Amino acid sequence: QVQLVESGGGLVQAGGSLRLSCAASGRTVSAYAMGWFRQAPGKEREFVVDLMCSGGITYYADSVKGRFTISRDNAKSTVYLQMNSLKPEDTAVYYCAANPVTVRARSSNSWGQGTLVTVSS
């Protein structure tokens, strides 16, 4: 089992940038597919990005493609989400996820506690 702790959320103006971090303990991130989901107030949790275990293959939601970038530092057992050109509709609690195969499997994911990102217009 892997434990995940997110950080880096906050308040930013539209057009700005933030970098979220997800520190993993218990198992190294290199053994997992890692990714991010987000949940806006009153909405369901939605997929943001999936970084596969091998090959560095990534899958992004269309809504963030070209603006968000996921990366992994195996030595630090940390995954990052660089968010640029932020929009008010990006406002949400962002959750880090880990899965032995793909985070898009959802139900078998390990989850962090979430970090709030607020984008003001």
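Predicted model: local features only at pLDDT ≥ 70, side-chain atom pairs only at ≥ 80, totals over all residues.
Let's start with a sheet: 4 strands form an open sheet in the order β1-β3-β8-β7, with antiparallel pairing. Residues are numbered from 1 along each chain as its sequence is written, and side-chain values use heavy atoms, leaving out hydrogens and water.

A word on terms: strands are DSSP runs of E with at least two residues, numbered from the N terminus, and two strands pair if DSSP finds at least two bridges between them. At the edges of the sheet you will find β1 (3-7) and β7, each pairing on one side only. On average, neighbouring strands here are turned by 20 degrees against each other, direction ignored; the axes behind such angles are lines fitted to C-alpha atoms, and angles run from 0 to 180 degrees between N-to-C directions.

Now look at one pair. Strand β1 joins β3 (residues 18-25) in the antiparallel sense over 5 bridges. Within this region, Leu4 has Ala24 of β3 as its bridge partner.

Next, follow the chain into two loops. Ser77 sits between β7 (68-73) and β8 (78-83). Its phi is positive, about 50 degrees, although Ser77 is not a glycine. Ser85 lies in the loop between β8 and β9 (92-99), and Ser85 too has a positive phi of about 50 degrees without being a glycine.

Are these serines buried or exposed? Ser77 is buried, with a relative accessible area of 12%, while Ser85 counts as partly exposed at 41%. Buried means under 20% relative accessible area, exposed over 50%, and partly exposed in between (1.4 Å probe, protein chains only).
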